[in-house]
Amino acid sequence: MRIDVLFADRVGIAHEILAVLAKRRLNVVAVEVDPPHIHIDAPELDAQSLGQLDAALRTVEGVRSVTPIDILPGTRRRLHLDALLAALPDPVLAVDRAGRIVVANAAAAEAAGRSEKALTGADFGRLFGDPELTDVLVDTGFRLPGQEMMLNGRPFLLDATPIVEDGRAAGGVVTLFAPSRLGERLNALQNFDEGGFDRILGDSPPVRGLKARAARVAAVDAPLLILGETGTGKELIAHACHRASPRRDKPFLALNCAAVPENLAESELFGYAPGAFTGAQRGGKPGLLELAHGGTVFLDEIGEMSPYLQAKLLRFLNDGRFRRVGGDREQTVDVRVVSATHRHLEAMVAEHSFREDLFYRLNVLSLQVPPLRERGEDILLLARHFIARACAQARRPPVRLTVAAGAALLANPWPGNVRQLENVIFRAVTMSDGAFLDAADLDLAGARMASDDSPDGSEAGSWEDAQEGFERALLRRLYPRFPSSRKLAARLQTSHTMIANKLRKYGIPDGR
């Protein structure tokens, strides 16, 4: 039985309490003193003799109560600590001030290829094949800067935290981060609010077809090339495909090939070895391919990649191997490459500005993202979504589109696609202060709301002429996609009779 003796602290009281148990010939296997408590584990003590022991202990001056407990607090803490260490996915080692391992969790044992018991007492540096590392760790007070180390043939980023006692390091805790684990953390930071296909707004036939095709190619573990104009949401499609793939629980990391120079893009993608260049981190740095091991790397604007990087990427796609910048050791990772571009890659191949062999390696599977002008049924849906988001960001009450504003949005060709629409809406919400967004608010936001054949107002003789010119241009633009008065009326959210009258008035579809 285990008991908790509550006492008033004084010199010698713990010794007197234990003397009572010794006098009764009770074997004590564990004692934990934490004033005003002393916890005792006496296996031979049972419920029948507890009453007699209670009476005997109360004869000791200062003893206030004797209570049975299920487990000693120190034992409970050790069990909790063991469970916590076992649950940690990263290898963790507790090291004493001499550089000897005193505790290792299951992940550390698995990484080292030894049992936890075999690791206990081992020299820290020798575990990594570098005996001098122990001296460095101790001499720096267990404050080593993050550096890469090899353990059992695998790279890890080492992080040390000192255990301070009386102002000096009494040991430390060393955590080893695998590149893939760092990638998972980076992925969580970058994509905490990203979703799957449900985040792709739209119910037009082109979008429904895109989602259906994307769902099929997402399940196939092969390179994917996403084609589409700027601003159509290619990265959103790529992330949705990752979320629908067997790699969904692994990182999704992205690199925009047009946003960084060649040398930086190379080190970002492939990483670099220690001392690869001036200013490099002391222990080197893993690239996106290592960080995304088991997951997906998205290469946006792949058409802007330099010929040198094209060759290096091609080799990786062929056998999954690469070298870090300045390194001589080949590494192998399991990564799905998804790329995207607004460029016409086949024309670039013909012009010898893009490698033909790389094009065919990237274009195993492909998706074509439709421009916004081909999915007019989604324009107002997207506009209302962006309005709600812009109002929330601006901390203002929700606003609504007027009929004129909606018609203006539908008439615009949107060369910048969904991104342009989002920017127009955001500026309009920011610049207006009313409860409605009108066409004039959208014009103030800088949107080009008229088609090329619509009047600019300079030739209009009156307000009525200008209005008729706008109506004629709008109906001419929308009729090919909604080729009946009922469909057109449903799209413009107005009456069928009014649209039928307007079509007859302007001679649409037959007249000009």
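Biologist: Is Arg395 buried or exposed?
Modeller: Exposed, because its relative accessibility is 79%. Keep in mind that this is a predicted model.

Biologist: Where does Arg395 sit in the chain?
Modeller: Look in the loop between α16 (379–394) and β17 (400–401).

Biologist: New topic. How many salt bridges are there?
Modeller: The count comes to 19. In one of them, Arg343 meets Glu304, with the closest N and O atoms 2.7 Å apart. Arg343 is in the loop between β15 (336–341) and α14, and Glu304 is in the loop between β12 (296–300) and α13 (307–319), so the pair ties together parts that are 39 residues apart in sequence.

Biologist: Why does Arg343 count as partly exposed?
Modeller: Because its relative accessibility is 31%. Glu304 is partly exposed as well, at 33%.

Biologist: What about Asp378 and Arg375, buried or exposed?
Modeller: Both are buried: Asp378 has 1% relative accessibility, and Arg375 has a relative accessible area of 6%. Their side chains meet in a salt bridge, 3.1 Å from N to O.

Biologist: Which residue does Glu422 form a salt bridge with?
Modeller: Arg389, and the closest N and O atoms are 2.4 Å apart. This pair links distant parts of the chain, with Glu422 in helix α18 (residues 417–431) and Arg389 in helix α16, 33 residues apart. There's also a network: salt bridges that share partners join Arg315, Arg321, Arg323 and Glu330.

Biologist: Let's do rings. How many aromatic pairs turn up in the whole structure?
Modeller: Five. Take Phe124 and Phe128: their ring centres are 5.1 Å apart and their planes are at 55 degrees, so the pair is tilted. Phe124 is buried at 0% relative accessible area, and Phe128 is buried at 9%.

Biologist: How are the rings of Phe316 and Phe322 arranged?
Modeller: Their centres are 6.1 Å apart and the planes are at 75 degrees, so that pair is edge-to-face. Phe316 is buried, with a relative accessible area of 3%, and so is Phe322, at 2%. Together with Phe270 they form one aromatic cluster.

Biologist: What sits over the ring of Phe270?
Modeller: The charged end of Lys312, 4.6 Å from the ring centre.

Biologist: Now strands. Which way do the side chains of β16 point?
Modeller: They alternate along residues 365–368. β16 pairs with β10 (residues 224–227) in the parallel sense, over four bridges. Leu367 is the bridge partner of Ile226.

Biologist: Last one: which residues make the nonpolar surface patch of about 260 Å²?
Modeller: Leu81, Leu84 and Leu88. Leu88 is in the loop between α3 (73–87) and β5 (92–96), and it counts as partly exposed because its relative accessibility is 32%.

Technical notes. Residues numbered from 1 in each chain as written. Predicted model: local features only at pLDDT ≥ 70, side-chain atom pairs only at ≥ 80, totals over all residues. Heavy atoms only, no water. Patch = residues over 30% accessible without salt bridge, like charges linked within 9 Å, V, L, I, M, F, W, Y side chains within 5 Å. Areas by Shrake-Rupley, 256 points an atom, 1.4 Å probe, with all protein chains shown as cover. Salt bridge = Lys/Arg side-chain N within 4 Å of Asp/Glu carboxyl O. Helix = DSSP H or I, 4+ residues; strand = E, 2+ residues; numbered from the N terminus. Buried < 20%, exposed > 50% of the residue type's maximum accessible area, 1.4 Å probe, protein only. Phe/Tyr/Trp six-rings, centres within 6.5 Å; stacked < 30°, edge-to-face > 60°. Lys NZ or Arg CZ within 6 Å of the ring centre and 35° of its normal. Pairing = 2+ DSSP bridges.
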